[in-house]
Amino acid sequence: MKYVERVISEYEIKDKSMPEFIQALKEVLLSTSVIFEKYPEYEKMAILERLCEPEKILQFKVPWMDDLGTIHVNRGYRVQFSGVLGPYKGGLRLHPSVNLGVLKFLGFEQVFKNALTTLPIGGGKGGSDFNPKGKSDNEIMRFCQSFMTELYSHIGPDVDVPAGDMGTGAREIGFLFGQYRRIKKMSERGVITGKGLSYGGSLARKQATGYGLIYFVKEICEYHNIEMANKKAIVSGSGNVAIYACEKAQEYGIKVVAMSDSKGYIIDNNINLDVVKNIKEQLRVSLSEYPTLANSGEYFEGSIYDANIKAEFILPCATQNEINETRAKQLVDNGCILVGEGANMPNDNEAIKVYLENGVIFAPGKAANAGGVATSALEMTQNSMRLSWTFEEVDEKLQQIMASIHEQCLTAMQRYDLDSKNYVASANIAGMEKVIEAMIAQGDY
Ligand code: NDP
């Protein structure tokens, strides 16, 4: 049995209760098997076993009191996956679907994504099964304070630097940072990123993941001679990533014809983003309000990917496993030519196969959404230097980083003779080779 296949089958037994982690392992390992064929000595060095096992996993209870005085207990986690390239770096997800398997999948992906940014950051991920929806600001604050009361002793600017993710926005980061500062009695701004601008945050961090996705799509379009203007796009989600992906896409003349949230989706000729921002950033309600507030478009319940919408660009920016084989086939039938992942693993492995078999360009989240973590690392740099760059300075660096990630993918394609539309293998290879090189150099065994 080949090395890669042996390791996958071992994990299928060991981590059988973690389907998302196994899915991510398969995506990464099968697409990078050429590395292990080229360097058979890696098997003796147990490179894959060392790569697939997190360095440390923390699990802890998070008790908090609601406004009526009832006590709740959630589970908190931090998966410190790999520190060979720098301090563990990755967001905190607050969502009822969070469990150890989901965080192991996200942490594993984060290692290679962070390597692609070329910045000195390792990979980690954390979060809780706490649901911030419908909670008051005070309840959110009490939860965040309780979470940080346990986490604080495991993180630090040179140890582990958490950030936002689903359910963790500027409000939550503020409460988490405040509790860290109170307990540590130190002003270590670089301990967490996604902070507010008045206390060490970076301009353009809020926009970075969505903008970065579109900068990556732009690199692809330039390389493959595709005109961006007037193409139609579906953007799933209407959270942080989706909103700023839509904003930059519209700036480039792309027509965003549909967006979604966890309950339903809206269809409009060209989405009115100001209305979506108002609904999601201010009112914090469902997209069902859109037709009334925008005075145009229609709202439907269900998944955006079950609707029969014609679009050339598909930009999934909500959550994992939104698109399976059947939905991918329908997207191809509806004229899709490029899929760029703003979310982490929104396409399952069968959906990716459908794209590659049908000549659709596929840009995986690991490369396409790396702008968020890259800008988090730029926030850490500004914190260390005790200065703040302008929006334009950060945005320019973000564009350079996304262009460099694209360039690294092209180099891997050429070195391993890969199809120029197959960014999944090239991104995985480019990220993994960096991590392996650092592991070997550091004698990590
Ligand atoms: P947000 O919480 O801001 O937004 C998430 C969006 O996804 C919301 O519109 C939410 O709907 C929708 N959603 C949640 N669950 C489902 C579901 N089961 N089906 C359909 N839609 C759903 O998160 P972010 O925008 O920050 O993150 C989105 C994705 O991007 C995640 O995969 C995250 O890991 C990834 N990512 C985020 C980065 C960042 O910088 N924020 C960086 C890199 C990756 P509703 O409004 O109803 O809750």
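Aspartate 137 is partly exposed, at 46% relative accessible area (partly exposed sits between buried, under 20%, and exposed, over 50%, using a 1.4 Å probe and protein chains only). Its side chain meets that of arginine 171 in a salt bridge, 2.8 Å from N to O (a side-chain nitrogen of Lys or Arg within 4 Å of a carboxyl oxygen of Asp or Glu). Aspartate 137 belongs to helix 7 (residues 137-151) and arginine 171 to helix 8, so this pair ties together parts 34 residues apart in sequence.

This is a predicted model, where local features need pLDDT of at least 70, side-chain atom pairs count only at pLDDT 80 or more, and totals for chains, interfaces and linings use all residues. Residues are numbered from 1 along each chain as its sequence is written, and side-chain values use heavy atoms, with hydrogens and water left out.

**Salt bridges**

- The count by this rule is 23 salt bridges.
- One of them joins lysine 26 and glutamate 12, at 2.9 Å from N to O.
- That pair links distant parts of the chain, with lysine 26 in helix 2 (residues 19-31) and glutamate 12 in helix 1 (residues 3-14), 14 residues apart; helices are DSSP runs of H or I with at least four residues, strands are runs of E with at least two, and both are numbered from the N terminus.
- Both ends are partly exposed: lysine 26 has a relative accessible area of 28%, and glutamate 12 has 34%.
- Lysine 125 pairs with aspartate 165, and their closest N and O atoms are 3.1 Å apart.
- Here lysine 125 sits in strand 4 (residues 123-128) and aspartate 165 in the loop between strand 5 (160-163) and helix 8 (170-184), 40 residues apart.
- Lysine 125 counts as buried, at 3% relative accessibility.
- Arg6, Glu10, Glu43 and Glu49 form one network, joined by salt bridges that share partners.

- Seven strands make an open sheet in the order 9-8-7-6-10-11-12, with mixed pairing (two strands pair if DSSP finds at least two bridges between them).
- At the edges are strand 9 (298-301) and strand 12 (361-363), each pairing on one side only.
- Neighbouring strands are turned by 15° against each other on average, direction ignored; axes are lines fitted to C-alpha atoms, for helices over the stretch in contact, and angles run from 0 to 180 degrees between N-to-C directions.
- Strand 11 (residues 338-340) runs parallel to its partner, strand 12, over 3 bridges.
- Valine 339 stands opposite phenylalanine 362 in strand 12.
- Helix 10 (residues 240-251) packs on the sheet, touching strand 6 (232-236) and strand 7 (255-260), where contact means heavy atoms within 4.5 Å.
- The direction of helix 10 makes about 170° with that of strand 7.
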